[in-house]
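Let's walk through this one together, question by question. Have the viewer open beside you as you read.

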Amino acid sequence: MKTEPIHRTSMWKFKLSAATMTLIPAAVGINYVAKALAEGLKLPVWLGSLGTFLASMLAGPVAGAISGFINNVIYGLTLSPISTVYAITSIGIGIAVGILHANGWFSSARRVFISAIIIAIVSAVISTPLNVIFWGGQTGIAWGDSLFAVMVANHAPVWLASFTDEFVLDILDKVCVAYLAFFIYRQLPQRMVHFFRDDK
Amino acid sequence: MMTDQTLISGAPRVKLKWYQVIDPITKLLLILDMTLLSFASTNLLLQAGLILVATLLLLFSKLSSTTFKALGFSLFLIGTMLIIQGLFYSRNQTVLFSVLGVSFYKEGLIYATTLGCRVLVIILTSGFFMVTTSISENAAYLELSGLSYKTVYVLMSVCYILPEMMRNMRKIQQAQKVRGTNPQKTLIQKLKSVLPVLIPLVIKTLDQSMARSISLQLRGFDNPNRTVRTSQRVYRLSRTLHIGLTGLAILLIGWKIWSKINGL
C-alpha cells in the first residue's frame, strides 16, 4: 500500500521550500482545471478542491490550507469576487484532509468514505454562516436551493435550511473528490510522493 | 510599459491614466471599505449610492468582459434570492404584489435587495481592481511592500501555470477521444471519463512542478543576497490613502461592534 501515514510529529512541520513553492501553484491549477472539467461535462459536482486534497496529502495540512486559501483569493480576484470569502472554507478543507491523511484515514476505500463525510461536515459548518451573510442562506446550485426553499417555506430555521442545502451538495462533492484524490494519489510515482514529502 | 528611451531620460513619456497612479494596496483597501460601508447599514439609498460610486469608478477606468461575467452569475443568484426570500422570508408580513395567485412580501424583497446590493458593491469594486492592475504590477508592488518574494512567487506563478494546464487538459482530452474512450452521454459515463483525463493531467502537472522546483534551486532562488526588482511605476499619495482607508475600515468595524454590543 502506497498510502502509509506520515509520522504524527511531522504533520504540522512546514517550510516554504522550493518543492512546496511549486506544489502550491500546481494544486491551485488542479483545482481550477478540475472545476473547469466538471463544468464542461455538466457534472452535478464542483471538484474544485481536488488540488487542495492532493496538496494536503502530499505535503501536509499547512500546504493544503495555503493552496485552498490562494485558490479562492486568485479565483476571487480574477473571476468571482465573492468566492474570496470562501477561502476560509478552503483552509478548513485543507487542514481536515491533512489531519485525516496523516492519521491514516485515506488508506482504504472504506476509510476514505468516512473521511469524505467528516470533510463535508467541516466544509458545510464553515460555509453556512457565509451563505447566510452573503446570499440569505442559498448556495446558488438549483436543486440545493429548491431544498432550501422548501424548508424555509415549512418554517424551518434559516440556519438549518442553509446547512442542509450546503451539506447535501458538499457530501456529494467531497465523496467524489475524496475518491478521485485517493485513486490519483495511489497512481503517483513514488519518487514524486517522496519529493514533495521529504523536501520539508 | 516604458520604452528604453523613457528609462534613459527618467521621465515617463506616456501620460499615466488616473487609475494607474493608484497603488494596488489602496485599491484593495477600497474594496474592504466599500464592503464594510455596505454591511454597516440596511439603508437602500446608501446601497444605491455605493453601487453608483463603484459603477462610476468602473466607467471612468476600463470595462472588461470579466466584470460582466461575474455580474451575470451574481445577477442570476440575486434573482433567485428575490423569489425565495420574497415568498418565504421568516419575517414576511406585508403583501406587496401577487403574481398568478402567489404573494410576494415586502420584508423578504427588501432583505433580498439589500443582500443583492452588497454583492453588487463587492463585485463592481473588485472589478475596478481586476481591470486596472496587471499580474506583474501586483507582483512587483507586493514585494516592495514587504511580502516575502517566495510568497509573491507562489501567488503569481498560479497565473502563469493556469493557461499551460488548460492546454495540457485539452491535449489529453483529445488524445483520449482519439483512443476511443466512452461517449460521455449518461452521468456514469461522464464520471468515468473524468479519471482518464485527470490522472495524466495531475501527474504531468506535478512532474512539471518538480522540474520547476529543481530549476529554482539550481538558479539559487534561496540566495539571501537576492536583488529586489525595483518598480517602474510612480504612485501618488499612497501613504495618505493607506492611512485614510485603514482608519475608515477600523472606524466602521469599531462602530459595528459598538452598535452590536449596545443592541444586545
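Q: Which residues of chain B does the UniProt annotation "transmembrane region" cover?
A: This is a predicted model, in which local features need pLDDT of at least 70 and side-chain atom pairs count only at pLDDT 80 or more, while totals for chains, interfaces and linings use all residues. Residues are numbered from 1 along each chain as its sequence is written, with chains lettered from A and ligands numbered from 1 in the order in which they are written. UniProt positions follow the numbering used here, with shortened feature names, and annotations may be inferred rather than shown by experiment. The unreviewed UniProt entry gives the label to residues 36–59, 71–89, 109–135 and 240–258 of chain B.

Q: How far apart are the end C-alpha atoms of residues 109–135 of chain B?
A: Start with residues 36–59 of chain B, which are 88% helix and 0% strand, with end C-alpha atoms 22 Å apart. Helices (H or I, at least four residues) and strands (E, at least two) are DSSP runs, numbered from the N terminus. Residues 109–135 of chain B are 93% helix and 0% strand, and their end C-alpha atoms are separated by 40 Å.

Q: Why is chain B described as more spread out than a compact globule?
A: Chain B has 9 helices and 2 strands, in the order α-α-α-α-β-β-α-α-α-α-α. The radius of gyration is taken over C-alpha atoms, and the globule rule is 2.2 Å times the number of residues to the power 0.38. For the 264 residues of chain B that rule gives 18 Å, so chain B is more spread out than a compact globule, with a radius of gyration of 25 Å.

Q: Which helix supplies the largest share of the side of chain B that touches chain A?
A: The contact takes 50 residues from chain B and 44 residues from chain A, where two residues are in contact if their C-beta atoms, placed from the backbone, lie within 7 Å. On the chain B side, helix H4 (65–88), helix H5 (106–132), helix H7 (149–178) and helix H8 (187–218) each supply at least two residues. The largest share, 18 residues, belongs to H8(B).

Q: Where in helix H5 (residues 109–135) of chain A does the kink lie?
A: The bend at a residue is the angle between axes fitted to the seven residues ending there and the seven starting there. In H5(A) the kink is about 30° and comes shortly before the proline Pro129(A). Its position is Ser127(A).

Q: What covers the buried residues of H5(A)?
A: A residue is buried if 20 or more other C-beta atoms lie within 10 Å of its own, exposed if 12 or fewer, and partly exposed in between, with C-beta atoms placed from the backbone. Among the buried residues of H5(A) are Val112(A), Ile119(A), Ser127(A) and Trp135(A). Their cover includes helix H4 (87–102) and H7 of chain A, together with H4 and H5 of chain B.

Q: Is Leu47(A) buried or exposed?
A: Leu47(A) sits in the loop between helix H1 (18–40) and helix H2 (50–59) of chain A. Its phi is near 60°, a positive value in a residue other than glycine. Because it has 23 C-beta neighbours inside 10 Å, Leu47(A) counts as buried.

Q: Is His155(A) buried or exposed?
A: His155(A) lies in the loop between helix H6 (142–153) and helix H7 (158–187) of chain A, with a positive phi near 60°. With 9 other C-beta atoms within 10 Å, His155(A) is exposed.
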